[in-house]
Structures are given as structure tokens and as C-alpha cells.
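Let's take a friendly walk through a protein model. Please keep the sequence and the 3D view open as you read.

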Amino acid sequence: MDYDLFQSDDDEEILAAFTQATLKQETQSAQVDVDESEEENLNDGLDFLPEFNCSGRDTVKSQLFEGGFLGNGYAELNPPRCRLENLCFDFVEGQLAVGAVRNYLYGEACKNVQKLFTVVTGQQQLQATATSMNSGWYRVRKQVTHFYHLLLRLRDNELLPSHFLDGFRQLLNDQLDADAWKILYFAEHSKGNDCQAPAYHLYHGVLEWRFLDLHILHASGKDQAFLGQLERTLDDLIVCAGHHYRSKHRPELIHFSPFMCRCNKELWLLLKRLVPKWLGERELDFWILFHKAIQRHRTNHLQGESNAISLAYHELYSWLRLGLARLDEYNSEGRYQPDHLPTAPPPDSFQTAHLLKQFLASQPDEQQRRVYLILLSPLQLQLGQPDTDVLCQLWEYFHRSLNCNFSVGPELDQLPLTCPNGAAYVDRYSKLLSKSHIDDLNLSSFTMYAWMLGKTLKLLPSQGRSNQRQKLLGRIFSKFSAAKLLALNEAGIHHVIELFLCLLLCHEDLGELAPKLREMLLCLALEKLPPVRRILVAKGHMALLLLHAQHRLSMDDYVGKLVNQLSTIRNDTEVGAIYVSSLQATFNLADDFNRGEQQLLGPWLAHYVEKCGQASQDRVWQTLHCLIQRLSEPRAVTGNASGIKEALQQHIMPLLRTQYVSSHSTWLPKLAANFIAMEKDSDKLLLGFLQGPEPINMAASAQLMLQVLEDGGRPASSTILLVWVKSLVLLNAQHESVLALMPHVTQLEEFRHLAIDPASLEGGREPLCAFFGALGRRAQQEEAAAHVRMQLSHKLHAYVNHFEQWLPPDRSRSELGSRFYSFLAIVIYNCPTLAYVRSKPSCFFHLAMVRFLLTTQLQAGVPPEGRLPQLVHKIFPVLLQGIGRLPYRTDTYVAKTLEQLVQHWTPHFSFSSNAKLVARPYATLLQADAEGELAQFVLQLLVTQFLVVQRRRAGQHAGLVITIMQQLIESTGKEQEEQMLTLLRAVHIPLLEHVMFVDEVDLSRNQVFGLYRVLVSHDAYKRSQAVRDLCSNHLRSLAEKHLAHCTYFYFQMLINLAELAPDLVAPLLTYVRKQAEQVELKRGAGEDVGIRKCLQRLQKVLSRV
């Protein structure tokens, strides 16, 4: 229709004249064909006229406009009528009944429609500028809409010419072709009717006009015309949806609404509500009309038979179909209420099975399958009745592709499909099936199918369709033969597991289904599979086993078969790890342990622990610890707790004994304490752990004792003290386990009787010194009888029982070795009379010597390894002082021990070039021994052992000993006369004899003279007459002893000393001469020329000095 037909320059004059002429006539005589009752009806109706007011792009859950058509009764067959005064025309109510006025309004409406189309399509420039028109497009659209409201108001009167509607409808249909919709479909705007764009108002105007036109046309009774216009409207709306679909990426379809805006959605919803009312008893309904319309869209707009076109068509179809189905989630006022759905539509309303078959035949890729199933699932599960034919078709499609990864692209083929263990499988699919809908495109299409299958199987019984459930299960099971199962690859096994889990998790009663599925899974015999597939199958078994435990099903037969299959592959560690990962969850689900759980505690578990790493072992120990704790529960006690205990004793206890020694795990002491609590003779088992080989976990004994005490055990006081002493040796006083044990120790009666000062146990002091010091003092009390000392000795040996096993051979060179050797010295020093028991080889003193201090290798001349010389060097003076408190002069064994310690260890003290450090043990002894008896005895042993001269040659270690002696002289203070006297009493004569008999060229000779030079220059020598007198007496005694037989050697020594200390030798000259004369008399040969010459030389040296 041409725009120029509506142009008239004298319209205004005609209307003005007409108005004046008709106002008087028609209001007074009422010559129009409207009676009084009809006039009154024209004044009734809504106070406002509903319209579409956009809010921008539509969302799935958007609320509809309250001022729209739905909320104001336009979803009824007889919509409310408008009040005439609310129309936006420049006529009063009475004038609207005049035919000429209606003709004028009709012409204006047609002109306004064509204005909008012209400016939108850009056919020509309007006479008015764009600026002046921008604010008037809403009024232009509104005038047309109000003209429709007027026509709707007058539809029952004869005042409405039929050609108005026919012509206007023809105008719109002619203008709304495919090209026009391509421009209009996206004309939404968040500003709504405040938007100034003409396309927005044309688009929303068309929606209003089409809807009002259908109402008017249905009221006219022209069924064919109405049905044709309804189909035309549906076609146009689907065209809009098609354009909207093409603007989206495929993954966006699951989150975006298929309706461009909420106005478009409201029109769809109005049609969906009105079509059943409009069509009445006809065989047509909304869904039939929709399916026909979208098929016409395929014919007209998606021409071609390629798979790509077909897949695009089905994607659009499923997207729009879901959007239309979700319109039922809106109430009559346009509020989104998804929880109040009306009755589900009749079966096959959505044609899901038929359309799915066509979709699958088009060879969709993985992403297309995922999107399609997400769009399909709400129709199956929420918005309609489940169609088992859909699931059957999908199963027929998927079962051929079980070995596929169902990945979106090649780059994702290597991503892991599986869960880490059986519990993770159960957890994953339990969470998945708890969802009412899915929109995660990361899920594979097969996972989506398994989810949909499980949810459907859960729904069918509540709908009285249990027979269809059984048929569906039978259809699925028929595809699994043993040969097909063995042909599955890793992906296929994973898919079978997730399928089985979805079937089981959606069954309330697993008693019938679970045995069938587990037998099918057992067809995948582990010995017939490569390693990777074995692990996957094991995960599946563990998931099924957990479901058995959750539903209290018997597992006896199942567990037996699983363990047997594991044994056929030699208890493979990787498969065993999968079994172990589900142990704790299985035990936690047990109540009375009467369903075969004890079979899980078999040889395979011990084999696994022996082969796996530390972290994996810890998980096993933790599981067993939790299991044993549960055995005391009432239901377990009345159930099969005894069977579990028997299995633990048979298979776990031997493993625990070996692992307790060889593993660092902190769970082992806890587990050992659990076994001790279960044992009738708990003390015996506790001692078995404590007295066996020492664990490599140094804190194991303390941790075990703490756990026993925390569990309510009451071990003997001596056992607690044994662990405490041992822990102080192997660890230290600040170790957390020792600190935790300390309160238990201080509460013991035995400990309190020792009256130990609490301060001596704190502040970084060594508790061992305080403890053994108190014990030693108790034994040395005057009132302590022999039997009391014997009891204390027994207690001491109980506290250090099997101490010889405490120090691992490989740890003797570490800090632990230093603490251990210090411990030996502390005990021997503080408790010598308790540690040594005469004629008892098992006493502490003897064991300490033969196992650590005087070993067979040391006595055989084998040098000690590593830092052992430094360790003994550190404790040597303490050891000597401790032994000094024993009767070393009367007890042959003690004397021999003291002699051997000096003999065998002194040569190894030369590990340092620092002479002062080397001599420190003897210097410490000399300073500490106030009476000097022990120091003199030890030093005599030292020089007797190492300064002996054989064939004029000094011993190998003579130089070392002379150096030690010199350091002892140098370290003696000028006021320490007694220490100097003790030293000289012990070593002076042997040193002089060494000088006499050793070869003149021997280095040791000069060392002794150097020592003498230090001696005579020492302040203590100069200040003490007793020291000088002692030296003179020693020279006199040597003259008496050696002058007759070793005359030359004696005089040589004396002459050399005269050069060093003339003051010492000069007073002896007369005595020596007399002794020489006595020798000559005894010989009876007169004067001896040699002796006389020696005397002359001595006298000459003295006179020279």
C-alpha cells in the first residue's frame, strides 16, 4: 500500500467542520445506531492500556512487565475492554462512535505503520527531520496500538467495518518479510519505551498489533483466517528466534534465553495460554502448531540436506522448545515461580524421541551432543514425563562408543577421565545425581546420559511405571557380554563404572541390582587385563564395595572374590593401593562387622605395606588405628568384633612387629598401644615392644608409652622410668614426647622417693644427671643396708634394661652417639656401686665395657671408627672417677678394666694436634681428684704402660704420653702443690728411668728433658720445698737402685739434669759420691775408673753452672 494515498492537505479543515456539525446533531438526537446500554458499556474498562515495555535482553528467569498484557487479563478469551477516555486520540468519547472518525483513525494508523517501516528500512527520507521525529516514535506506535484497542472494544458492535482489520492485517503481513525481521529481531532496549529508536517501537508495536489482531480475529468467528494468522505469527516469532540463535555460540545456548527480550517471551506465553482456549475441542494444540511452524521454518529458511544444516536446525529446535516449555514456570501474573509447575503436558508433546533420532542421525560432534543433552534433560526430568524411548535411543547410540573418550577436541584426549579411588567415584556421582539439572559443558555426553538415566530410573516408580524401569535395565544389560567387557579400554571401563554407579545410586534397594552389576564387573578378571586397566577395574570394585557397605549388604562373597583376584596377580602393589584407599571408608560404614569385613585384613595387606612408601603406610596404620578403636562399640562387641581381632592378630600383628622397628611412622606406636589394649597380658606385649630391637624412630618408645597411658593402661613404674630414661638418651629433654611423658614420671612413687629437686629437671639441665645422681646418693647413705643397695641395684638395671640395644650401629657417629656415651659415663659416675655387681656379666658396668668401651676389636688393636675417640675422650675423666669409687685396688676385674681403659684408649686421643686438648682427660682427673689417690694410680698406669724401654727404644706412644705429662705440669697452678706432688709421685721416677735407658738419639729423650725444663721453671716447683725434696728423693732412690748396675746411664741422666737444674743436683753430689764408693766396695776391685770419671764430669758441670 502506497504511503502517498494517505496524504491529504485539507484533512484538518474537514475534521474541524465535521466536528462542529456533528457535535450538536449526534449528541442531541443520538442518530447513530447505538442504544443507551451500549453507550454505558463504552465507558467501562481498564483504567490504563497494557503495552509491551522492554527491559533489554531476556534472561531465563526474568520477570515480566507488570503493565503488560498477561498480568491484566489478556490471556483470557474475553480480555478486558479499554476506557475510551484513555485512548490517545483527539476526540471525545461520543465522537469515537462516528463512522467518519473511525475511518479517519484507520487511515492515520495505516499511515503511522508505513512511517515506521519506511524510517526503519531506510526507503526514503521523511519530510520531518530525524531530530524532530525522535521523540514522537513512541506516540506513532501508541496511536496504532490504541486504534487496535478501540477495535477490540468495538468488536461486538456493528460499528466496526471488516475491511479495517483485513486491510490493516494485509499491510502488516506485506511489510513483515524475512528482510524486515532481520532488522527488527534485535530491536530491544533496556530503556524500554523511553527509547527513541524507531526500530524498537516498530518491533514492539508489531508484537502488540499481532496479539491484539488475533484476539479480534478470533472474536470475529473466521476460523480459517484466524488459524492462518496464528500460524503466520508463530512463523514470524520463530524467524526472530532463528536470527537470535545465529548470533550465539553453541555453548551460550544453555545459559541464554531463546527470546530476544521479555516482550517477545510474553507474547509466546500469551499464545501458549490462549491457543488451547482459542482452539477448544480441535485436535490441534500449541505444541502441534509449534512443531508444524518450526518444520515450515526448516523448509523456508534452512534449505539443504547436509548434516551441518540439520544439526543447526535441531539445535534451534531444542533451544526454543526448552524455552517454550519453561514458560510454564510463570504464573498468571507473569511472576517466575519454578517450584509451582502446572500439570505436565501430555506425553509426546515435545516429540523428544522422534527429534533425538533425527539429531543423532546427523552425526553430531561431542560439543553438539553435550549442548543438546543439556537442553533435552529438563524436558525429561522437570517439565515433562520421562520418555524411556529417549534413553533407549541414547543407549543404542552410546554403547557402540564406550571406548571413546568423548572429548571435545584432540588436544583434550589425554586429560584424565577417572577418579583417584573408589570413594571419589561414589562421591562424584552422588553429588552429580543430587543435582536437579546440569549445565556443565565439562561433563562428557556419556556422563550426561548416565546422569539422565539415573534420574529417570528414580522417577519412574513414583509415576507407577516400574515395568518400564525393568525393561530399560534389561535393554542396558543385554549389551554386556563377558567378551565385550574384556574388549573395553581404559575409557570404556571408566564409562561402565559411571554407568553402574548411576544405576545403583538411584536405586533405593540395591539387594537385587548390586549382585548383578558386581558379577558383571568381576567378568573383567584382573589377570586378563594390562596394568592400567586393572587399576580402573579396582576403582570400580571399591566404589561398588562402598555402596554395599552403605546399604548394609553382605560383602563376604564379594570381598573373597576381590582378594582372590588380587592374589592371582601376585598382590600387585598398584591395585592393592586402590583397595587400601577404600578401607577406612568401608570400616567406617560398618556397624557390627558381620558382613565379611574381616576378609579385608589378609596377607595382601601385609604385602602391600611392605612394598609401598611411607605416606601410603601411614594411611594403612591410621585406618587400622581407627578400626581398632571402633571394636569397643556396643554393636561391634555384640557383632563380629572377635573375628576382626582374630584377623588383626593373625595378619597385622607380625607386620606391626617388624614395621615398628623399621619404620619412622608415628602411627605405629599408636597402633601398638591399640594391640596392647586388646591383649590380656598387656604388660608382656608392652615389654616385647620395648625390649626388642630398637626402632629407627627414636621417639617410638616414648610415643608408645604415652599412648598406653592415655588409653588408661597401668604399666609398672619401672617400665615407665625405663622408657623415660631411654627417651632422654635417644632424644633430649626438650623433645615433645619427653616433655609429655614428664608429668607421668614425676607422679610415680619411685620417682618421688628419690627427692629430686624439680629445678634440676628444668632450665636446660640434663635430667639424667639429676635422676642417677639422686639414685646414687640414696645408695651411699650410711643407713642404707646391703639389701637396700641390692634393691636399688635391681631398680637401676630395670631402668636401663637392654640398654645395649638402644644405640643403632649406624647412629654411633651422630649426636645420638655422643648422648649415649655420655649416658654410660653418667650412670657409672653416679651409681658405680649399683651398676657394678661382682661376678655378674649382665650388670650394667660389664655390658658397658664389653659392648662399647672395651670391645674385642679395640683390645685386638682395631682402631675405633669415626668420632668414637672424641666421644670417649669427652667422657674419659668421668668414667675414671666413677671407677675410682669402686675398690679398684682390691677388685681384680675393676683394676684390670681401669688398666685396659688407659692402655687402649690413650693412644687414640691423639686425634688432635692440640696438646692441651689431648691431655684434657688426665688434666681433668688430676684437678678433680682432691685426695690424689686415683689420679696417682691412673698416671702410674699410664707411664707404666707407655714409657717402658725395650732394647734402648721407646714405645710407639711414648711421645704422646710425655706430651700429656708436660701438659699436666703446665696446667697445674702455682698454688696447687698437692696436684704437683701427686703428679710427680706417679710419673717422676718412670720419666727419669726412661731417660736413663732410652737411646741417646731417641726423640722421647729430648722430650723428657724438655718436660724437666718446664718442671724446674714452674712456680709450684720453685715455691714448694716439698716438690723439690720429692724430686731429690727420687734421684737418691734411683741411685740406690741403678748406680751399681747401670752406672753410666745413671750418671748420664744426672749430668743432663745438672745442666737443667743444678740446684736440684748439687745437693745430691755428696750422696752420689758415697753411693759410688759403696759400689766400689761391693765390687772389691778398688776405685772404678769409669765411676770416677763420671763423678768428675758431674762435678765439672756443676762447677761450670
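## Before we start

This is a predicted model, in which local features need pLDDT of at least 70 and side-chain atom pairs count only at pLDDT 80 or more, while totals for chains, interfaces and linings use all residues. Residues are numbered from 1 along each chain as its sequence is written, and side-chain values use heavy atoms, with hydrogens and water left out.

## Domains

The protein chain is divided into domain 1 (70-122 + 135-329), domain 2 (716-894) and domain 3 (1024-1104); these bounds come from an automatic or database domain assignment. Taken over C-alpha atoms, the centres of domain 2 and domain 3 are separated by 52 Å.

## A salt bridge

Side chains of opposite charge can pair when their charged atoms come close. A salt bridge here is a side-chain nitrogen of Lys or Arg within 4 Å of a carboxyl oxygen of Asp or Glu, and this rule gives 36 salt bridges.

One of them joins R57 to E188, with 2.8 Å between the closest N and O atoms. This pair links distant parts of the chain, 131 residues apart: R57 sits in the loop between helix 2 (36-41) and helix 3 (99-121), and E188 in the loop between helix 7 (178-184) and helix 8 (198-220). Helices are DSSP runs (H or I, at least four residues), numbered from the N terminus.

## Helices 26 and 29

Which way do helix 26 and helix 29 run, parallel or antiparallel? Helix 26 (residues 603-611) packs on helix 29 (residues 641-662) at an angle of about 15°, and their axes are 9 Å apart. Axes are lines fitted to C-alpha atoms over the stretch in contact, and angles run from 0 to 180 degrees between N-to-C directions. Helix 26 is therefore roughly parallel to helix 29 (angles under 35 degrees count as roughly parallel, over 145 as roughly antiparallel, 65 to 115 as roughly perpendicular and the rest as oblique).

Where do they meet? P603, L605, A606, V609 and E610 of helix 26 touch H651, I652, L655 and Q659 of helix 29, where contact means heavy atoms within 4.5 Å. By class, this contact of helix 26 with helix 29 has six nonpolar, two polar and one charged residues. Ala, Val, Leu, Ile, Met, Phe, Trp, Tyr, Cys and Pro count as nonpolar, Asp, Glu, Lys and Arg as charged, and the others, Gly among them, as polar.

L686, F689 and L690 of helix 31 make the contact with S701, L704, M705 and V708 of helix 32.

Helix 36 (residues 767-780) packs against helix 37 (residues 786-799) at about 160°, with axes 10 Å apart, which makes helix 36 roughly antiparallel to helix 37. Here F771, F772, L775, R778 and A779 of helix 36 meet R789, L792, L796 and Y799 of helix 37.

Technical notes: Helices (H or I, at least four residues) and strands (E, at least two) are DSSP runs, numbered from the N terminus.
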